[in-house]
Amino acid sequence: MDNDVSAGSTSASASTLGHLALGLTLLAFGLGHTGVLSGITAASAVTVALFVGGFTLFVAGLLEFRAGSSFNGTAFAGLGAFWFTWGTATGDGGLSADAAGLFLLLWALLALSLTLGAAGGGPLSQVMYGLLFVALLLLGIAQFADASMLGKVAGWVAALSGLLAWYGATAAWAKWPTALPGRAAGGRGVTAAG
C-alpha cells in the first residue's frame with residue numbers, strides 16, 4: 001500500500017468495499033432463500049459467500065483495523081468469518097438442520113452486537129445490521145422448526161439488509177443522503193413529553 005495514502009481515505013475505501021461485499025452477499029443469500037428465482041437456492045450463493053462475503057469482507061475488516069476503525073474492522077472481519085464458514089459448511093452439505101440452526105442463531109448474536117454498536121453510526125447502518133440480525137434469527141428458527149415459509153421471509157429480510165448495505169456503499173461514492181432529514185435542535189418537533 002502507498003505510504004502517501006491517508007488513513008481516512010483508506011478507511012473510507014475499505015468501508016465502501018466492505019459494504020458492497022456485504023450487500024452483494026446478502027442479496028445473493030437472501031434471494032436464494034426466497035425461492036423467487038427459478039432454480040436459484042441459498043446453496044447457489046456459496047461461491048459468492050466464500051469469496052465476496054468471506055475473503056473480501058475479511059480483508060476489508062483488516063484494512064479498517066489498520067485505519068483505526070475498530071467497529072467496521074470487527075463488523076467486516078467477523079462477518080467475513082461467518083460467510084466463509086457458512087460457504088464451506090454449505091458447500092459440502094455436511095450440516096444437519098439443527099446444526100445449521102444453531103450456527104445461524106450464534107451468528108445472529110454477532111449481528112445483534114453490531115446493531116447495538118452501530119447506534120452512533122447513523123440509522124442506515126443500525127437498520128442494516130438489525131435486519132441482518134432478524135434474518136439470521138428467523139433462519140435459525142426455520143432450521144430448527146423445518147419451516148420453509150419462515151425461511152423465505154428471512155430471505156426477504158436478508159435481501160433488504162443487502163440492499164441497504166449496497167445503498168450505503170453507493171451513497172458514499174455518489175454523495176447521496178444516508179440519513180433522513182430532521183429538524184434542527186430546538187425546532188418545533190415532537191418532544192419526549194408529547
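Of the 194 residues of the chain, 41% count as buried, where buried denotes under 20% relative accessible area, exposed over 50%, and partly exposed the range in between (1.4 Å probe, protein chains only). The model is predicted: local features need pLDDT of at least 70, side-chain atom pairs count only at pLDDT 80 or more, and totals for chains, interfaces and linings use all residues. Residues are numbered from 1 along each chain as its sequence is written, and side-chain values use heavy atoms, with hydrogens and water left out.

The chain contains six helices and zero strands; helices (H or I, at least four residues) and strands (E, at least two) are DSSP runs numbered from the N terminus. Among contacts (heavy atoms within 4.5 Å) between residues at least 6 apart in sequence, 70% join residues at least 24 apart.

Leu105 lies in helix H4, which spans residues 97-117. Leu105 is partly exposed, as its relative accessible area is 26%. Beyond residues up to four places away in sequence, Leu105 touches Leu136, Leu137, Gly140, Ile141 and Phe144. The C-alpha atoms of Leu105 and Leu137 are separated by 5.6 Å, although the two residues are 32 residues apart along the chain.

Leu102 also belongs to helix H4 and is partly exposed, with a relative accessible area of 47%.
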